[in-house]
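Trainee: Can you go through this structure with me? I'd like to start with side-chain contacts.

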Amino acid sequence: MTKQERIQVPLEPELRESIEAKARSLGFDSAQAYLRVIIKAEVEGRKLYFDEPILEEASRMAVQVITAQFHEHLLAVLNDHLPRFTTMDQALAYISSRFRRQQGIVTIESWGLETND
């Protein structure tokens with residue numbers, strides 16, 4: 001276990017209650033855990049985004065990408081250019097592999113899917 005140091009920060013009771021409530025609303029079990037994440041990100045030069053609208057926008061974009069890929073795949077299957085799937089897991093793995101392949105992360109072959117060649 002790494003050695004840990006403590007920092008004590010005097011706070012007014014109202015401020016303490018507010019930060020505890022904020023931490024809980026974000027899914028942290030305590031203000032201390034919330035502040036630890038914020039401090040670590042600051043030291044590492046990372047930005048944290050806890051606001052809901054950013055997550056909603058990312059989700060909308062993900063749905064659009066997956067929907068477009070699904071339509072592209074459906075047309076290709078109808079034209080016998082791509083594999084047919086027997087399970088949802090295979091279909092999701094294939095869609096994920098296409099995205100990752102476009103990002104240069106993995107290839108379709110690394111997922112072990114069979115094609116209709």
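This is a predicted model: local features need pLDDT of at least 70, side-chain atom pairs count only at pLDDT 80 or more; totals for chains, interfaces and linings use all residues.

Trainee: How many salt bridges does the whole structure have?

Mentor: Five, taking a salt bridge as a side-chain nitrogen of Lys or Arg within 4 Å of a carboxyl oxygen of Asp or Glu.

Trainee: What does glutamate 44 pair with?

Mentor: Its partner is arginine 46, with the closest N and O atoms 2.7 Å apart. Elsewhere, shared partners link Arg16, Glu20 and Arg24 into one salt-bridge network.

Trainee: What is the N to O distance for arginine 24 and glutamate 20?

Mentor: It is 3.8 Å. The two residues are about one helical turn apart because they sit four residues apart in helix α1 (residues 13-25); helices are DSSP runs of H or I, at least four residues, numbered from the N terminus.

Trainee: Is glutamate 20 buried or exposed?

Mentor: Buried, because its relative accessibility is 17%. Buried means under 20% relative accessible area, exposed over 50%, and partly exposed in between (1.4 Å probe, protein chains only).

Trainee: And the lysine 3 and glutamate 5 salt bridge, at what distance?

Mentor: 3.2 Å, N to O. Both lysine 3 and glutamate 5 are exposed.

Trainee: New topic: how many aromatic pairs?

Mentor: One, counting Phe, Tyr and Trp rings (six-membered ring for Trp) with centres within 6.5 Å; planes under 30 degrees apart are stacked, over 60 edge-to-face, the rest tilted. Phenylalanine 28 and tyrosine 34 form a tilted pair, 5.3 Å centre to centre with 50° between the planes. Both phenylalanine 28 and tyrosine 34 are buried.

Key
Residues are numbered from 1 along each chain as its sequence is written. Side-chain values use heavy atoms; hydrogens and water are left out.
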